Amino acid sequence: MENINKSFPGVQALKDAYFELKRGEVHALVGENGAGKSTLMKILVGAYRKDSGRIIYKGKEVDILNPRFAQDMGISMVFQELNLMPHLTVAQNIFIGREPKKKNIPIFLDDDEINKRTKELLDMLHLKVDPKVKVSELTVGKQQMVEIAKALSFNSEVIIFDEPTAALSEAETEELFSIIRKLKSQGIGIIYISHRLEELKQIADRVTVMRDGQYIGTENIENVTIDKIISMMVGREIYETLREKEVEEGSEVVLAVRNLKRGKILKNINFELRKGEILGFAGLIGAGRTELARAIFGADPIDFGEIYVKSKKVNIKNPWDAIKHGIGYLSEDRKRYGLMPNLDVKTNIILPSMSEFLKALGFVDDKKAEKVSNEYVQRLKIRTPSIRQKVMNLSGGNQQKVVVAKWLLRNCDILIFDEPTRGIDVGAKNEIYKLMNELIKEGKSIIMISSELPEILRMSHRIAVMCEGRITGILNVEEATEEKILKYATMYEDQKEVLI
């Protein structure tokens, strides 16, 4: 890809961008949010049309008109933002538009064959999912693996992975790496976009860095340090923030959950959250962490249990009840649950606090809304040409910051951060960590769900570990290690030891 240019309203996303890929290599593409990585790759798979530049594929210049054209050429992509149809089954999502027909009655689709092929792909990924289950019933992590299975089904010669491990556990990540190494040995070229720079040494052969839509440089991974990559990415030094404030003895319990149950998903959950505390929730994919967060927030019903906010028993039947009691929830799936992508930044920020911006007859006080929205854009360093930009046109990291902004404006005292740095670059991660420290200094309390154990250990005061819908251990951070967390994360039902 040579001299690739692409502009959107108010933003030049790519300026003479360059990238090359060899057969049978894993080539990492890195940069801060908004650097242009995903835009460049969407041009390669036909999701966007370039304004100018050349794409040379197998020695010939090509014009990639649309995604089907790219797939027919042998180029496919696993998108960071999930691209599945929730009302269809896993098998239907993977083979949509390519369904085999019944041999004896070719006007009918052969569902048995679709399900059989899907199971073969899922078995390759070691993913225990029924091909006939609807995608809407899967966690984000499992949906991500379905996206990967879909890409593998095209028998592509080039596969682009955009943040493939963002929602995966360590075990699932290692399985993915094994699959990538196998594909590489078969001569398939892999483009690997990731903000988890520590992964690059494990999986990549070369790394290309982009900044502000431009090509910065390419290095052999064995000859470059992580610090050098970060310096190329951001043009400045980054020091990752650590948790600063310790929780005082006898601090007020702001949230208590007692004996919470929901079918086979959540089993007798008990824990407390203190004022000014970050309580980390660790566990493997499917442990029930997100389901617990949604139950507390009223997004999913519970069968039994009690929730106390500041020692007062509360009845939370829906998210609005939770918000009224000062609870805000940053979903792991910001596109689906955290934002209204077709609306602008300003509207998304003020939405939970809309009553504060209404004038007579229900009209919005636009000047007040603009003033407040601009303040949060500046405070959180949201990269957008204006607050009137549609959220769908922002990078993933900046979309996440918009979600944070709306709950800060609502002034919630209890914040549930579900995978807060998923798909966010190293610089933006540091800003989120600083923000979390600021919030606990102000006396707010945070539940942080994360699949990154270094992040859990860095930011948490205490760590609750879940396995199969149960809390199997609650550890003080001083005694916690990755090994101990993983021990509790794999403590299945037949193992009775529980540390609370």
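How many disulfides does a search of the whole structure find? The search comes up with zero, where a disulfide is a pair of cysteine sulfur atoms within 2.5 Å.

Before the close-ups, a word on the model: it is predicted, so local features need pLDDT of at least 70, side-chain atom pairs count only at pLDDT 80 or more, and totals for chains, interfaces and linings use all residues. Residues are numbered from 1 along each chain as its sequence is written, and side-chain values use heavy atoms, with hydrogens and water left out.

**View 1. Two cysteines, Cys412 and Cys467, are buried.** Buried means under 20% relative accessible area, exposed means over 50%, and partly exposed is in between (1.4 Å probe, protein chains only). Cys412 has a relative accessibility of 2%, and Cys467 has a relative accessible area of 2%.

**View 2. Tyr18 and Tyr215 make an edge-to-face pair.** Rings of Phe, Tyr and Trp (its six-membered ring) pair if their centres lie within 6.5 Å; planes under 30 degrees apart are stacked, over 60 edge-to-face, and the rest tilted. That rule gives six aromatic pairs. Here the centres are 5.2 Å apart and the planes stand at 75°, so this pair is edge-to-face. Tyr18 lies in the loop between strand E2 (11-17) and strand E3 (26-30), while Tyr215 is in strand E10 (residues 214-220), so the pair links parts of the chain 197 residues apart. Strands (E, at least two residues) and helices (H or I, at least four) are DSSP runs, numbered from the N terminus. Both tyrosines are partly exposed, Tyr18 at 28% and Tyr215 at 30%.

View 3. Phe271 belongs to strand E12 (residues 266-274) and Phe281 to strand E13 (residues 278-283), 10 residues apart. Phe271 is buried at 2%, and Phe281 is buried at 2% too.

**View 4. Charged ends sit over rings.** This counts if NZ of Lys or CZ of Arg is within 6 Å of the ring centre and within 35 degrees of the ring normal. Arg98 has its charged end 3.8 Å from the ring centre of Phe154; for Lys368 over Phe357, the distance is 5.3 Å.

**View 5. Strands E11 and E12 form a hairpin.** Strands pair if DSSP finds at least two bridges between them; six bridges join E11 (residues 253-262) to E12, and the two run antiparallel. Arg262 stands opposite Leu266 in E12. Three residues sit between the strands, and Gly263 takes a positive phi near 50°.
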